[in-house]
Amino acid sequence: MKKLTAKIYFDIIMALLWLFMLFFDEDFWHELLGLFIALLALIHLAYNLRKMKTEITAMFMKKSPSLLGRYLTNGLLFVSAACTIVIGLFISKDVFPSLYVYNRHFWEEVHEFTAYLTIASILLHIFFHRKMITAVLTKKS
């Protein structure tokens, strides 16, 4: 399997796990799966870091609106996912019960909002990369 194909499948699994989290009410498993997704997100960022650096430079050199849209979406995706994960750690009841956050109900609402914002960002991310995704997934090896 080619690297790009493996990366696309990795990203699809990560996106599906994020969606799955919405319907997972059991606190312990929700928190554990959240930590696993956080690990996958770090792997994703590390794997794509070199490409992101070159594309950020290209975005400012070419002043491309589609490239700018992709990077605004990716920035929103990064910030919303990071907020969801960090807030999730602080409102943890089972995995990190010793972490304390004042006004837990408020932060649970923010956690839920940023999770939905992350899903919207994932959908935009997929939209901006749709040609590459369909090309890789429909290509006969």
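How many residues does H4 have, and how far does H4 reach from its first C-alpha to its last? The legends below take up this helix and its surroundings in a predicted model.

**View 1. Helix H4, residues 104–128.** H4 has 25 residues and reaches 36 Å from its first C-alpha to its last. This span is close to the 36 Å expected at 1.5 Å a residue. The buried residues of H4 are His 111, Thr 114, Ala 115, Thr 118, Ile 119, Ser 121 and Ile 122. An α-helix has 3.6 residues a turn, so residues three or four places apart point the same way.

**View 2. Helix H1, residues 3–21.** H1 consists of 19 residues, and its first and last C-alpha atoms are 27 Å apart. That is close to the 27 Å expected at 1.5 Å a residue. Buried in H1 are Thr 5, Lys 7, Ile 8, Asp 11, Met 14, Ala 15, Leu 17, Trp 18 and Met 21. The list includes the charged residues Lys 7 and Asp 11.

**View 3. Packing of H1 against H4.** Two packed helices are described by the angle between their axes and the distance between the axes. For H1 and H4 the angle is about 150° and the axes are 10 Å apart. Angles over 145 degrees count as roughly antiparallel, so H1 is roughly antiparallel to H4. The crossing of the two helices is left-handed. H1 contributes Ala 15, Trp 18 and Leu 19 to the contact, and H4 contributes Ala 115, Thr 118, Ile 119 and Ile 122. Six of these contact residues are nonpolar, one is polar and none is charged. Ala 15 and Trp 18 are among the buried residues of H1. On the H4 side, Ala 115, Thr 118, Ile 119 and Ile 122 are buried.

**View 4. Crossing of H1 and H5.** Helix H5 spans residues 130–138. The axes of H1 and H5 come within 10 Å and cross at roughly 115°. The two helices are therefore roughly perpendicular to each other. H1 passes H5 in a left-handed crossing. From H1, the contact takes in Leu 4, Thr 5, Ile 8, Tyr 9 and Ile 12; from H5, Met 132, Ile 133, Val 136 and Leu 137. By type, the contact of H1 with H5 has eight nonpolar residues, one polar residue and no charged residue. Thr 5 and Ile 8 are among the residues buried in H1.

View 5. Thr 73 has a relative accessibility of 7% and so counts as buried. Leaving out residues up to four places away in sequence, Thr 73 touches Ser 121, Leu 124, His 125 and Phe 128. Ser 121 is one of the buried residues of H4.

View 6. Leu 35 counts as partly exposed because its relative accessibility is 31%. Its contacts, not counting residues up to four places away in sequence, are Leu 89, Val 95 and Phe 96. Leu 35 and Leu 72 are 37 residues apart along the chain, and their C-alpha atoms are separated by 25 Å.

**View 7. Asn 103 in the loop between H3 and H4.** The phi angle of Asn 103 is near 60°, a positive value in a residue other than glycine. With a relative accessibility of 43%, Asn 103 counts as partly exposed.

Note on methods: Residues are numbered from 1 along each chain as its sequence is written. This is a predicted model: local features need pLDDT of at least 70, side-chain atom pairs count only at pLDDT 80 or more; totals for chains, interfaces and linings use all residues. Side-chain values use heavy atoms; hydrogens and water are left out. Axes are lines fitted to C-alpha atoms, for helices over the stretch in contact, and angles run from 0 to 180 degrees between N-to-C directions. Helices (H or I, at least four residues) and strands (E, at least two) are DSSP runs, numbered from the N terminus. Angles under 35 degrees count as roughly parallel, over 145 as roughly antiparallel, 65 to 115 as roughly perpendicular and the rest as oblique. A crossing is left-handed if the near helix is turned anticlockwise from the far one by less than a right angle, and right-handed if clockwise. Contact means heavy atoms within 4.5 Å. The expected span of a helix is 1.5 Å times one less than its number of residues. Buried means under 20% relative accessible area, exposed over 50%, partly exposed in between (1.4 Å probe, protein chains only).
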